[in-house]
Amino acid sequence: IDRENAIDWFFDALATGGFDGSVASRFLSRNALIGRLQLEVSRSRRYANPLSCLVIRLDSASTQSEQENRDVHNLIAATLVELLRWVDVLGQWSARAIVVILPETNECAALVLAAKVSEALQPQLAQLAPSLGVTVGASTWNKGDDAERLVRRADVSARRQNGSTARTRRF
(Lines give C-alpha, C1' and ligand atoms only; values in the text may rest on other atoms or scores of the structure.)
Protein backbone atom coordinates (compact mmCIF):
# COMPACT_ATOMS: atom_id res chain seq x y z
CA ILE A 1 0.00 0.00 0.00
CA ASP A 2 1.46 3.38 -0.95
CA ARG A 3 1.71 6.38 1.36
CA GLU A 4 -1.15 8.35 -0.17
CA ASN A 5 -3.58 5.40 0.00
CA ALA A 6 -2.48 4.67 3.55
CA ILE A 7 -3.26 8.24 4.59
CA ASP A 8 -6.66 8.07 2.88
CA TRP A 9 -7.40 4.75 4.57
CA PHE A 10 -6.37 6.15 7.95
CA PHE A 11 -8.68 9.16 7.71
CA ASP A 12 -11.55 7.05 6.41
CA ALA A 13 -11.03 4.67 9.34
CA LEU A 14 -11.66 7.58 11.72
CA ALA A 15 -15.23 7.96 10.45
CA THR A 16 -17.77 8.35 13.22
CA GLY A 17 -20.17 5.81 14.58
CA GLY A 18 -19.19 2.65 12.75
CA PHE A 19 -21.17 1.38 9.81
CA ASP A 20 -24.77 0.78 10.84
CA GLY A 21 -26.15 0.36 7.34
CA SER A 22 -26.93 4.04 6.89
CA VAL A 23 -25.16 6.26 4.40
CA ALA A 24 -24.69 8.97 7.04
CA SER A 25 -22.60 6.66 9.23
CA ARG A 26 -19.83 7.10 6.67
CA PHE A 27 -19.40 10.81 7.50
CA LEU A 28 -15.97 11.64 8.83
CA SER A 29 -15.78 13.07 12.33
CA ARG A 30 -14.72 16.68 12.77
CA ASN A 31 -11.14 15.71 13.69
CA ALA A 32 -10.83 13.33 10.74
CA LEU A 33 -12.32 16.00 8.48
CA ILE A 34 -9.80 18.61 9.66
CA GLY A 35 -6.96 16.17 9.06
CA ARG A 36 -8.20 15.35 5.58
CA LEU A 37 -8.74 19.02 4.77
CA GLN A 38 -5.23 19.87 5.98
CA LEU A 39 -3.90 17.21 3.62
CA GLU A 40 -5.86 18.73 0.71
CA VAL A 41 -4.73 22.28 1.62
CA SER A 42 -1.15 21.04 1.61
CA ARG A 43 -1.65 19.53 -1.86
CA SER A 44 -3.22 22.74 -3.14
CA ARG A 45 -0.39 24.81 -1.72
CA ARG A 46 2.27 22.51 -3.18
CA TYR A 47 0.77 21.94 -6.65
CA ALA A 48 -1.41 25.06 -7.03
CA ASN A 49 -4.52 22.89 -7.43
CA PRO A 50 -7.94 24.41 -6.79
CA LEU A 51 -9.72 23.33 -3.62
CA SER A 52 -13.18 24.23 -2.39
CA CYS A 53 -15.57 23.20 0.31
CA LEU A 54 -19.28 23.41 1.02
CA VAL A 55 -20.97 23.83 4.37
CA ILE A 56 -24.53 22.58 4.58
CA ARG A 57 -26.11 24.24 7.59
CA LEU A 58 -29.33 22.93 9.14
CA ASP A 59 -31.51 25.40 11.02
CA SER A 60 -34.57 24.34 12.94
CA ALA A 61 -37.12 26.30 14.94
CA SER A 62 -38.00 23.17 16.91
CA THR A 63 -36.03 20.38 18.53
CA GLN A 64 -35.93 17.15 16.58
CA SER A 65 -35.88 13.64 17.97
CA GLU A 66 -32.82 11.45 17.54
CA GLN A 67 -34.66 9.40 14.90
CA GLU A 68 -35.65 12.54 12.97
CA ASN A 69 -32.03 13.72 13.07
CA ARG A 70 -30.86 10.34 11.77
CA ASP A 71 -33.47 10.43 8.97
CA VAL A 72 -32.43 13.95 7.97
CA HIS A 73 -28.73 13.04 7.91
CA ASN A 74 -29.44 9.89 5.89
CA LEU A 75 -31.46 11.92 3.39
CA ILE A 76 -28.69 14.51 3.06
CA ALA A 77 -26.02 11.83 2.72
CA ALA A 78 -27.99 9.92 0.08
CA THR A 79 -28.60 13.13 -1.88
CA LEU A 80 -24.94 14.11 -1.71
CA VAL A 81 -23.77 10.68 -2.81
CA GLU A 82 -25.82 11.18 -6.00
CA LEU A 83 -24.33 14.63 -6.67
CA LEU A 84 -20.69 14.18 -5.66
CA ARG A 85 -17.65 12.56 -7.22
CA TRP A 86 -15.79 9.65 -5.64
CA VAL A 87 -12.95 11.98 -4.63
CA ASP A 88 -15.17 14.37 -2.64
CA VAL A 89 -15.26 13.87 1.14
CA LEU A 90 -18.24 14.22 3.52
CA GLY A 91 -17.92 15.03 7.18
CA GLN A 92 -19.90 16.10 10.23
CA TRP A 93 -18.52 19.47 11.35
CA SER A 94 -21.08 19.98 14.12
CA ALA A 95 -24.58 18.83 15.04
CA ARG A 96 -26.00 21.32 12.54
CA ALA A 97 -23.26 21.52 9.89
CA ILE A 98 -22.02 19.09 7.27
CA VAL A 99 -18.84 19.83 5.32
CA VAL A 100 -18.02 18.59 1.84
CA ILE A 101 -14.37 18.79 0.73
CA LEU A 102 -14.08 19.34 -3.02
CA PRO A 103 -10.52 18.67 -4.24
CA GLU A 104 -9.61 19.97 -7.71
CA THR A 105 -12.73 22.19 -7.70
CA ASN A 106 -12.58 25.88 -8.56
CA GLU A 107 -14.85 28.61 -7.23
CA CYS A 108 -17.27 28.60 -10.16
CA ALA A 109 -17.78 24.82 -9.99
CA ALA A 110 -18.23 24.99 -6.19
CA LEU A 111 -20.95 27.64 -6.52
CA VAL A 112 -22.74 25.60 -9.19
CA LEU A 113 -22.59 22.51 -6.98
CA ALA A 114 -23.82 24.49 -3.96
CA ALA A 115 -26.86 25.58 -5.97
CA LYS A 116 -27.52 22.00 -7.10
CA VAL A 117 -27.24 20.67 -3.55
CA SER A 118 -29.61 23.34 -2.25
CA GLU A 119 -32.13 22.70 -5.04
CA ALA A 120 -32.01 18.95 -4.42
CA LEU A 121 -32.35 19.19 -0.64
CA GLN A 122 -35.04 21.88 -0.28
CA PRO A 123 -38.08 19.90 -1.50
CA GLN A 124 -37.00 16.62 0.13
CA LEU A 125 -36.37 18.21 3.52
CA ALA A 126 -39.64 20.18 3.29
CA GLN A 127 -41.48 16.84 3.18
CA LEU A 128 -39.40 15.06 5.82
CA ALA A 129 -38.94 17.91 8.31
CA PRO A 130 -41.00 21.01 7.44
CA SER A 131 -39.57 23.08 10.31
CA LEU A 132 -36.00 22.47 9.14
CA GLY A 133 -34.24 25.03 6.97
CA VAL A 134 -31.10 24.33 5.02
CA THR A 135 -28.53 26.71 3.56
CA VAL A 136 -25.43 25.88 1.57
CA GLY A 137 -22.30 28.02 1.61
CA ALA A 138 -19.20 27.63 -0.53
CA SER A 139 -15.62 28.81 -0.28
CA THR A 140 -12.45 28.27 -2.27
CA TRP A 141 -8.93 27.96 -0.94
CA ASN A 142 -6.81 31.11 -1.21
CA LYS A 143 -3.10 31.36 -0.64
CA GLY A 144 -2.51 31.66 3.09
CA ASP A 145 -5.70 29.84 4.11
CA ASP A 146 -5.63 26.93 6.51
CA ALA A 147 -8.30 24.24 6.85
CA GLU A 148 -10.25 26.04 9.58
CA ARG A 149 -10.37 29.35 7.70
CA LEU A 150 -11.64 27.66 4.54
CA VAL A 151 -14.51 26.00 6.41
CA ARG A 152 -15.23 29.15 8.44
CA ARG A 153 -15.70 31.20 5.25
CA ALA A 154 -18.11 28.62 3.81
CA ASP A 155 -19.98 28.52 7.13
CA VAL A 156 -20.26 32.32 7.25
CA SER A 157 -21.57 32.21 3.69
CA ALA A 158 -24.25 29.68 4.70
CA ARG A 159 -25.20 31.62 7.86
CA ARG A 160 -25.59 34.87 5.93
CA GLN A 161 -28.13 33.24 3.69
CA ASN A 162 -30.38 32.25 6.56
CA GLY A 163 -33.66 34.03 5.96
CA SER A 164 -32.74 35.21 2.46
CA THR A 165 -34.15 33.88 -0.79
CA ALA A 166 -30.70 33.27 -2.25
CA ARG A 167 -29.32 29.86 -1.42
CA THR A 168 -25.73 30.28 -2.55
CA ARG A 169 -23.45 33.21 -2.12
CA ARG A 170 -19.90 33.92 -3.11
CA PHE A 171 -17.78 34.83 -0.12
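The model is predicted. The protein has five helices and four strands. From the N terminus, the elements follow the order α-α-β-α-β-β-α-β-α.

**Overall figures**
- The protein has 171 residues, and 46% of them count as buried.
- Take the contacts with a separation of 6 or more: residues 24 or more positions apart account for 68% of them.

**Helix pair H3 and H4**
- H3 spans residues 66–83 and H4 spans residues 107–128.
- Their axes come within 10 Å and cross at roughly 145 degrees. The crossing of H3 and H4 is right-handed.
- On the H3 side, the contact residues are Asp71, Val72, Leu75, Ile76, Thr79, Leu80 and Leu83.
- These meet Leu113, Lys116, Val117, Ala120, Leu121, Gln124, Leu125 and Leu128 in H4.
- The residues of this contact divide into 11 nonpolar, two polar and two charged.

**Helix H5**
- H5 covers residues 147–161. At 1.5 Å a residue, its 15 residues should span 21 Å. The end C-alpha atoms of H5 are 22 Å apart, so the model agrees with that expectation.
- Buried residues in H5 are Ala147, Leu150, Val151, Arg153, Ala154, Asp155, Ser157, Ala158 and Gln161.
- The cover over the buried residues of H5 includes helix H2 (30–47). It also includes strands E1 (51–60), E2 (89–94), E3 (97–103) and E4 (132–140).

Key
Residues numbered from 1 in each chain as written. Predicted model: local features only at pLDDT ≥ 70, side-chain atom pairs only at ≥ 80, totals over all residues. Heavy atoms only, no water. Axes fitted to C-alpha atoms, helices over the stretch in contact; angles between N-to-C directions. Helix = DSSP H or I, 4+ residues; strand = E, 2+ residues; numbered from the N terminus. Left-handed = near helix turned anticlockwise from the far one by under 90°. Contact = heavy atoms within 4.5 Å. Nonpolar A, V, L, I, M, F, W, Y, C, P; charged D, E, K, R; others polar. Expected span 1.5 Å × (residues − 1). Buried < 20%, exposed > 50% of the residue type's maximum accessible area, 1.4 Å probe, protein only.
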